[in-house]
Amino acid sequence: LHSAVILCLSQSGRAARFVAKYRPTVPVVVLTADAMVARQTEGYTKNTRCMVVPALDDVDALVKQAIAHCTEKGLCKAGDGVVLVQGNLDGTVGATNLFRIHYV
């Protein structure tokens, strides 16, 4: 799987730690609603960037916003694959169980 970026939606930062643990060669962009989690996550690996968002409720809108941000920063371009890692939609913290591939 050749992706340009990994998007990780995380409330607690745990999913970001699991992804960063394997030192992926592509940038990991973490979307979180907690500024403290964003500051802590920035230190996991040199290839991790954070975006603080108002809430993690509307996942599709967040993904579009994050892809627009990544395209603006030069991390991905049209036609690139983006991997999305997130937890289930019931709001349980620490339950990462969804993996999607989205094309820009």
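Predicted model: local features only at pLDDT ≥ 70, side-chain atom pairs only at ≥ 80, totals over all residues.
Trainee: Why do the side chains go two ways?

Mentor: In a regular strand, side chains alternate between the two faces of the sheet.

Trainee: And how many residues of strand 4 are buried?

Mentor: Seven of the seven residues of strand 4 (residues 81-87) are buried, so the strand is largely enclosed by the rest of the structure.

Trainee: How many bridges join strand 1 to strand 4, and how do the two run?

Mentor: Strand 1 (residues 5-9) and strand 4 run parallel and are joined by four bridges. Within this pairing, Leu7 stands opposite Leu84.

Trainee: Which residues of the largest nonpolar core touch the most other members?

Mentor: That core has 19 residues, and those touching the most other members are Leu7, Leu9, Val29, Leu31 and Cys70. Strand 1, strand 2 (28-32), helix 3 and strand 4 each give two or more residues to this core. The largest share, six residues, comes from helix 3.

Trainee: What is Leu9 in contact with, leaving aside its neighbours within four places in sequence?

Mentor: With those neighbours set aside, the contacts of Leu9 include Leu84, Val85, Gln86 and Gly87. Ala15, Leu31, Leu56, Val59 and Leu62 are also in contact with Leu9. A second, separate core has 12 residues, among them Ala16, Val19, Val28 and Val30.

Trainee: Changing topic, how many salt bridges are there?

Mentor: The count comes to two salt bridges. Asp60 forms one with Arg100, with the closest N and O atoms 3.9 Å apart. This pair links distant parts of the chain, since Asp60 lies in helix 3 (residues 59-73) and Arg100 in strand 5, 40 residues apart. Asp60 is partly exposed, at 49% relative accessible area, and Arg100 is partly exposed as well, at 32%.

Trainee: Which side chains meet in a salt bridge at 3.5 Å?

Mentor: Those of Lys77 and Asp80, with the distance taken from N to O. Lys77 counts as exposed, at 53% relative accessibility, whereas Asp80 counts as buried because its value is 18%, and the cut-off for buried is under 20%.

Trainee: Finally, which residues make the nonpolar surface patch?

Mentor: Leu1, Phe99, Ile101 and Tyr103 make a patch of about 490 Å². Phe99 belongs to strand 5 (residues 96-103).

Trainee: Is Phe99 buried or exposed?

Mentor: Phe99 is exposed, because its relative accessible area is 54% and exposed means over 50%.

How values were computed
Residues numbered from 1 in each chain as written. Heavy atoms only, no water. Patch = residues over 30% accessible without salt bridge, like charges linked within 9 Å, V, L, I, M, F, W, Y side chains within 5 Å. Areas by Shrake-Rupley, 256 points an atom, 1.4 Å probe, with all protein chains shown as cover. Salt bridge = Lys/Arg side-chain N within 4 Å of Asp/Glu carboxyl O. Buried < 20%, exposed > 50% of the residue type's maximum accessible area, 1.4 Å probe, protein only. Pairing = 2+ DSSP bridges. Core = buried A, V, L, I, M, F, W, Y, C linked by side-chain atoms within 4.5 Å. Contact = heavy atoms within 4.5 Å.
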